[in-house]
Amino acid sequence: MFFEFGIKDAIDILLVGMMLYYVYRLMRESRSLNVFVGITIFIVVWLFVSQVLEMKLLGTILDKLASVGVIAIIVLFQDDIRKFLINLGTRRRIRSLARFFMPKHARNKDQEQLKRDIMPLVMACMQMSKGRVGALIVIQRSMSLGDIVATGEVVNANINQRLIENIFFKNSPLHDGAMVIANHRIEAAGCILPVSHDLSIPKELGLRHRAALGMSQESDALVIIVSEETGGISIAAGGSFRLRLSAEQLEAVLTEELA
């Protein structure tokens, strides 16, 4: 039997191992690790009973439980499955690979454009932080945010520090909503974001942070939050926060995430 083990079997084992590791990591991030362990134990027992011991009655019962269990898992972990599919469908890795083969002058041009986009954002956030002006800025990446843009007022302007500050000024009619930046332009302001109901969000974080987290859970967008209460600057991405960022840290995170 050992000599029948071929390269295809090795690839098969490797792919199954990678799949199990990814599911384990996903469960750990969503604090559902105990459920993952329970499912793993059930699968091991099921295979042992049906394949090794060949107990027909118990094996049939476990087969039925497994078929129903798939539906139960989909219902229980629909948010995690959605997040997995979003990550699977993102084109960021493909774009990163394509950028590697781009000519040097084209890469330099992209870096210059990225810097022109980031610096007004960083400067505006720092000024708003000093003045305790609340802000919520959504930066589109690979997933379109047309449905979010439709909930606000179309701006369609260049990314400009003064414009950003004026939109979030306390007496501005659009200051309570979110700004959406896409394709190197300010697309809209006063937009409505989905609010996260995650119970693990710290109590001191307000509605802006919940909206930012909800947006990052339902898309691959990057969301900048400036707290009106503390002036703290945070970023929500991939369903998690990076809190209390300095100007240098904000610039570094934006450069890393948007490159």
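This is a predicted model: local features need pLDDT of at least 70, side-chain atom pairs count only at pLDDT 80 or more; totals for chains, interfaces and linings use all residues.

Trainee: How many helices and strands does the protein have?
Mentor: The protein has ten helices and seven strands; these are DSSP runs numbered from the N terminus, with helices being H or I of at least four residues and strands E of at least two.

Trainee: Why is strand E3 largely enclosed?
Mentor: Strand E3 covers residues 178–182, and five of the five residues are buried, so the rest of the structure largely encloses it. Buried means under 20% relative accessible area, with a 1.4 Å probe and protein chains only.

Trainee: Which residues lie on each side of E3?
Mentor: Ala-178, Val-180 and Ala-182 are on one side, with Met-179 and Ile-181 on the other. In a regular strand, side chains alternate between the two faces of the sheet.

Trainee: Which strand runs parallel to E3?
Mentor: Strand E1 (residues 135–139) does, joined to E3 by three bridges; two strands pair if DSSP finds at least two bridges between them. Val-138 stands opposite Val-180 in E3.

Trainee: And what about E4?
Mentor: Strand E4 (residues 185–191) pairs with E3 in the antiparallel sense over four bridges. Arg-185 in E4 is the bridge partner of Ala-182.

Trainee: How many residues sit between the strands in that hairpin?
Mentor: Two residues do, and Asn-183 takes a positive phi near 55° in this hairpin of E3 and E4.

How values were computed: Residues are numbered from 1 along each chain as its sequence is written. Side-chain values use heavy atoms; hydrogens and water are left out. Buried means under 20% relative accessible area, exposed over 50%, partly exposed in between (1.4 Å probe, protein chains only).
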